[in-house]
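Here's a quick tour of the model below. Have the viewer open and follow along from section to section.

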Amino acid sequence: MSDDPPGFELPLRLFLGFRVLIDELHAELARQGHPDMRPMHGFVLQAIGSRGTTAVELGRRLGISKQAAGKTVDTLEHLGYVERGSDPADARRKIVRLTERGVDSLVRSARIFDDLRAGWAKTLGEERLRALEADLRAVTPTDFFRLDVPGWFGGY
């Protein structure tokens, strides 16, 4: 009989660690003036990026349909995080861009993630946290910034 935990515990613990960080992030974002932000919104705002994108390209980046991307853009536009406009190079194309509020939420998120990491370092110790990060880098793809989580989870 092995003292090792069952294999299914590893992905669950990794997911729970992710969930703890994301829940803490959103609680702090709410305190800092972004109570309407939801976990998937961060992926969407990152996929839109600083240069903007079309709904078709947004759907492709997120791994979701153009219709699902459009619905999400509608929600984020209503909340003031994005705006739609014409492409200066082609007036027929509609570009989705981040608003000042959208950029602010991403800037705050980056700072909050730094604070959350510091909290984990305090709990685990800086060396153990760095070792954990190095170990995760060793077993995950080098292109760590994948935005297709909505599509990977099977829809929106």
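S105 has a relative accessibility of 0%, so it counts as buried, the cut-off being under 20%. This is a predicted model, by the way. You'll find S105 in helix 5, which spans residues 100–124.

What does S105 touch once its neighbours within four places in sequence are set aside? The contacts are L29, H34, M37, L45 and Y81.

## H34, in the loop

One of those partners, H34, sits in the loop that links helix 1 (9–31) and helix 2 (39–48). Is H34 buried or exposed? It's buried, because its relative accessibility is 2% and the cut-off is under 20%.

Again skipping neighbours within four places in sequence, H34 contacts L29, Y81, R101, D104, S105 and R108.

## Helix 5 against helix 6

Helix 5 also packs on helix 6 (residues 126–139), with an angle of about 115 degrees and 6 Å between the axes. On the helix 5 side, the contact is made by R117, W120, A121 and L124. Helix 6 brings E126, R128, L129, R130 and E133. Sorted by class, this contact has four nonpolar and five charged residues, and no polar ones.

## The hairpin

Now for the strands. Strand 1 (residues 82–87) and strand 2 (residues 90–98) run antiparallel and are joined by six bridges. Together they form a hairpin, with two residues between the strands. At one of the bridges, D87 is partnered with D90 of strand 2.

## G17, over in helix 1

G17 belongs to helix 1. With a relative accessible area of 15%, G17 falls under 20% and therefore counts as buried. How far apart are the C-alpha atoms of G17 and R93? They're separated by 40 Å, with the two residues 76 apart along the chain.

Across the protein chain, pLDDT averages 90, and 91% of the residues score at least 70.

Notes. Residues numbered from 1 in each chain as written. Predicted model: local features only at pLDDT ≥ 70, side-chain atom pairs only at ≥ 80, totals over all residues. Heavy atoms only, no water. Helix = DSSP H or I, 4+ residues; strand = E, 2+ residues; numbered from the N terminus. Buried < 20%, exposed > 50% of the residue type's maximum accessible area, 1.4 Å probe, protein only. Contact = heavy atoms within 4.5 Å. pLDDT = per-residue confidence, 0-100. Axes fitted to C-alpha atoms, helices over the stretch in contact; angles between N-to-C directions. Nonpolar A, V, L, I, M, F, W, Y, C, P; charged D, E, K, R; others polar. Pairing = 2+ DSSP bridges.
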